[in-house]
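Please look at the structure before reading on.

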Amino acid sequence: MTETNIFYETGDIQFSTCQTIVVPVNCEGTMDEGIASIFRKRYPYMFERYKWICEQGLLAPGKLWIYNSPSKRKILIFPVLQHGEERYRYMELGLAKFLATYQEKGITSVAFPLFNPTGTKEKDVLGLMSYYLAKCDIAVEIYTEYIPRSQTLVPLLERLCGKFTDEEIYNIKKKLCFEVD
């Protein structure tokens with residue numbers, strides 16, 4: 001298969017229309033940074049299950065876990081960190097597992113963030129992801145740049161409704177964009 005199934009996107013992955021969203025995590029039971037922290041806030045029950053799975057030692061690089069949200073969206077928990085160190089090999093193990101199991105898991109479309117491991121070049125990571133994901137027969141989005149939803153939503157709403165106060169902007173970010181604590 002060619003890369004015609006891969007679409008490179010910028011924006012906020014949580015608002016993708018794909019059936020499944022990939023959330024890169026560590027294996028230590030914390031979701032404190034990046035996209036993981038946004039999903040921790042948006043899906044607190046998922047976070048509690050993820051924490052329990054990590055405490056039991058059931059999550060490791062190459063092992064994937066799917067959380068089926070109440071909205072029918074699938075959240076694919078994808079370990080890329082173990083014991084505080086990022087590894088290129090961990091990404092490869094997870095991508096190989098995804099390729100081998102996505103059909104049996106009923107995944108019909110998927111959005112991946114661009115993994116950002118320490119010590120690797122973005123083009124190498126993108127090449128690795130494209131190599132595996134081009135072999136899928138489903139639509140795959142790779143978000144190469146994260147742009148918070150509020151950066152586009154707030155100005156649009158202000159054009160429609162007029163200028164917002166700081167408190168109103170805070171509430172929009174919190175309730176519509178899941179961007180603040």
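Helix axes are lines fitted to C-alpha atoms over the stretch in contact, and the angles between them run from 0 to 180 degrees between N-to-C directions. The model described here is predicted. Two packed helices are described by the angle between their axes and the distance between the axes.

**Helices H1 and H2**

- Helix H1 (residues 34-42) and helix H2 (residues 44-55) cross at roughly 115°, and their axes come within 5 Å.
- That angle makes H1 roughly perpendicular to H2, because angles of 65 to 115 degrees count as roughly perpendicular.
- On the H1 side, Phe39, Arg40, Lys41 and Arg42 meet Pro44, Met46 and Phe47 of H2.

**Helices H3 and H4**

- Helix H3 (residues 88-101) packs against helix H4 (residues 122-133) at about 15°, and the axes are 9 Å apart.
- H3 and H4 are therefore roughly parallel to each other, since angles under 35 degrees count as such.
- H3 contributes Tyr88, Met91, Glu92, Leu95, Ala96, Phe98 and Leu99 to the contact, while H4 contributes Asp124, Val125, Leu128, Met129, Tyr132 and Leu133.
- H3 and H4 form a right-handed crossing.

**Helices H5 and H6**

- The axes of helix H5 (residues 150-161) and helix H6 (residues 166-175) lie 11 Å apart, at an angle of about 130°.
- This angle makes H5 oblique to H6.
- The crossing of H5 and H6 is right-handed.
- Residues of H5 that meet H6 are Ser150, Leu153, Val154, Leu157 and Glu158, and their partners in H6 are Ile169, Ile172 and Lys173.

**Glutamate 141**

- Glutamate 141 is in strand S7, which spans residues 139-146.
- Glutamate 141 is buried but has no salt bridge.
- The nearest side chain of opposite charge to glutamate 141 is that of arginine 73, 7.6 Å away, whereas a salt bridge requires a distance within 4 Å.
- Leaving aside residues up to four places away in sequence, glutamate 141 touches Phe7, Glu9, Ser16, Cys18, Val110, Ala111 and Phe112.

**Arginine 73**

- Arginine 73 sits in the loop between strand S3 (65-68) and strand S4 (74-82).
- Its relative accessible area is 15%, so arginine 73 is buried, the cut-off being under 20%.
- Not counting residues up to four places away in sequence, arginine 73 has contacts that include Gln14, Ser16, Thr17, Cys18, Tyr43 and Tyr67.
- Arginine 73 is 17 residues from glutamine 56 in sequence, and their C-alpha atoms are 25 Å apart in space.

Key
Residues numbered from 1 in each chain as written. Predicted model: local features only at pLDDT ≥ 70, side-chain atom pairs only at ≥ 80, totals over all residues. Heavy atoms only, no water. Helix = DSSP H or I, 4+ residues; strand = E, 2+ residues; numbered from the N terminus. Buried < 20%, exposed > 50% of the residue type's maximum accessible area, 1.4 Å probe, protein only. Lys, Arg positive; Asp, Glu negative; His and termini not counted. Contact = heavy atoms within 4.5 Å. Parallel < 35°, antiparallel > 145°, perpendicular 65-115°, else oblique. Left-handed = near helix turned anticlockwise from the far one by under 90°.
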